[in-house]
Amino acid sequence: MDVDYDGLIPNNVGLNQDLAVKKALESWHPGYLDWWNDMGPEGFQDALVYLRTAVSVDPKGWAKFGYVKMPDYKWGVLLAPAVEGRTIPFGKHKGEPAWQEVPGEYRAMLRRLLVIQGDTEPASVEQQRHLGNTAPSQYDLRNLFQVNVEEGRHLWAMVYLLHKHFGRDGREEAEALLERRSGDADNPRILGAFNEETPDWLAFYMFTYFTDRDGKFQLNALAESGFDPLARTTKFMLTEEAHHMFVGESGVSRTIQRTCQVMKETGLEDPAELRKLGVIDLPTIQRYLNFHYSVTIDLFGADQSSNAAIFYSSGLKGRYEETKRGDDHLLKGDGYKILEVKDGMLVEKEVPMLNALNEVLRDDFIKDSAGGIGRWNKVIEKAGLAFRLTLPHKAFNRHIGTFAGVRVSPEGRVLSETEWQLNINHWLATEEDRAYVASLMGRVVETGKYANWIAPPAIGINKQPVDFEYIRFN
Ligand SMILES: [Fe+2]
Ligand SMILES: [Fe+2]
């Protein structure tokens, strides 16, 4: 399972013996580099960045750290080791040997799944491309770039599958992945949250906490796929995803820590007063949280979806931790409770589970998201402050599914349009909030220095000190 670093494209898939695919990827490569140079991190392409690069797929020690210029990063094709005798774990093909080739009848659906996943990867790089200019420290800058190069690698992961298994239309889709642009009016990225801006670092941390976590759940569902190359690819992608969510959770945590420190030192609680001291008040953090959380849970799709049922029954996309579940993995007679609005109230309604699999995955995501909120609240509690962050109700600020167009408060109360408009500024980050946060975004690039609005981390990357030289500017 060692990675071959000899050619242009590091890989553990025997690309040297697979000349047609090798040629196709090599001809896609220059377009990828053009995309990276145009749409990747702005202004830092010549800097030497202390990055980790995957050198094996062994769960222990798959990465090596060193200074790399981002355009020279070794983006490669890495699949988790094959599981001997693996069978399809769910759906109507359950128990059959996992597919090594695309079954003809599922070709279009599988291609669609790969394209949707693949599209999110470059999208987030595009959304984050200006952030380097306002980084709060070298440490954070390095983390941003680590996330960016790995999202680039995730694009490679999907493009490899498209080239290897989908022939000409796969190659066309791979080209189109380099052509769409986040937020573009004519040719946007496929999913809504990936066309939003990531204008400041608090937004970046919220994005990596919530939206990369959507990635975690989608990848986990695909890691169960009966199409074995997809399962193995996404399994390895998950090892990288963990760091992205760490960047988000620790970034928000350090922001809270710094605010609480100033609140304790000064005894001030009024956001306006705290803003004069250059920290982000906790209600603003809550409003950012509400926005990113609600936009992200929309990514799971409609609460009832016949497509989700087909993906599952066909063995293409499973549930989170499918193989750890004790049911029959067919789900034919099973039900699941979803919410609907009835007479101005949110009420539960039981529907066939197969149709509710988007909701099942969303609910798993929600449980997982709550963990970090608890840890953030510990930071506030430790400072002796009464404020607590909360996850808004899942019907709050939704644009997809049953709740699209329904106004629901963060506590889960159905509202009139008037009530919604009266309160929206308390619930979602306002122009003013964003302008204030933007005003804090200076550029701190001296080794070991941190912006005033965020606490330094407890420990550096790869056990380096927090004042390590993470970036060498050229
Ligand atoms: Fe990714
Ligand atoms: Fe990610």
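Biologist: Is the crossing where α5 passes α10 left-handed or right-handed?

Modeller: Right-handed, for α5 passing α10. Keep in mind this is a predicted model.

Biologist: What angle do the axes of α5 and α10 cross at?

Modeller: Roughly 135 degrees, and the axes come within 10 Å. Here α5 covers residues 201-222 and α10 covers residues 357-382. Angles over 145 would count as roughly antiparallel, so α5 is oblique to α10.

Biologist: Which residues in α5 meet α10?

Modeller: On the α5 side you've got Tyr 209, Phe 210, Arg 213, Asp 214, Phe 217 and Ala 221. They meet Leu 361, Asp 364, Phe 365, Asp 368, Ser 369 and Gly 372 in α10.

Biologist: And how do the residues of that contact divide by class?

Modeller: The contact of α5 with α10 has 6 nonpolar, 2 polar and 4 charged residues.

Biologist: OK, switching over. How do the axes of α2 and α4 cross?

Modeller: At roughly 20 degrees, with the axes of α2 (residues 107-127) and α4 (residues 167-179) coming within 10 Å. Angles under 35 degrees count as roughly parallel, so that's what α2 is to α4.

Biologist: What's the handedness as α2 passes α4?

Modeller: That crossing is right-handed.

Biologist: Which residues meet there, between α2 and α4?

Modeller: From α2, Arg 111, Val 115, Gly 118, Asp 119 and Pro 122. From α4, Asp 169, Gly 170, Glu 173 and Leu 177. By class, the α2 contact with α4 comes out at 3 nonpolar, 2 polar and 4 charged.

How values were computed: Residues numbered from 1 in each chain as written. Chains lettered and ligands numbered in written order. Predicted model: local features only at pLDDT ≥ 70, side-chain atom pairs only at ≥ 80, totals over all residues. Axes fitted to C-alpha atoms, helices over the stretch in contact; angles between N-to-C directions. Helix = DSSP H or I, 4+ residues; strand = E, 2+ residues; numbered from the N terminus. Parallel < 35°, antiparallel > 145°, perpendicular 65-115°, else oblique. Left-handed = near helix turned anticlockwise from the far one by under 90°. Contact = placed C-beta atoms within 7 Å. Nonpolar A, V, L, I, M, F, W, Y, C, P; charged D, E, K, R; others polar.
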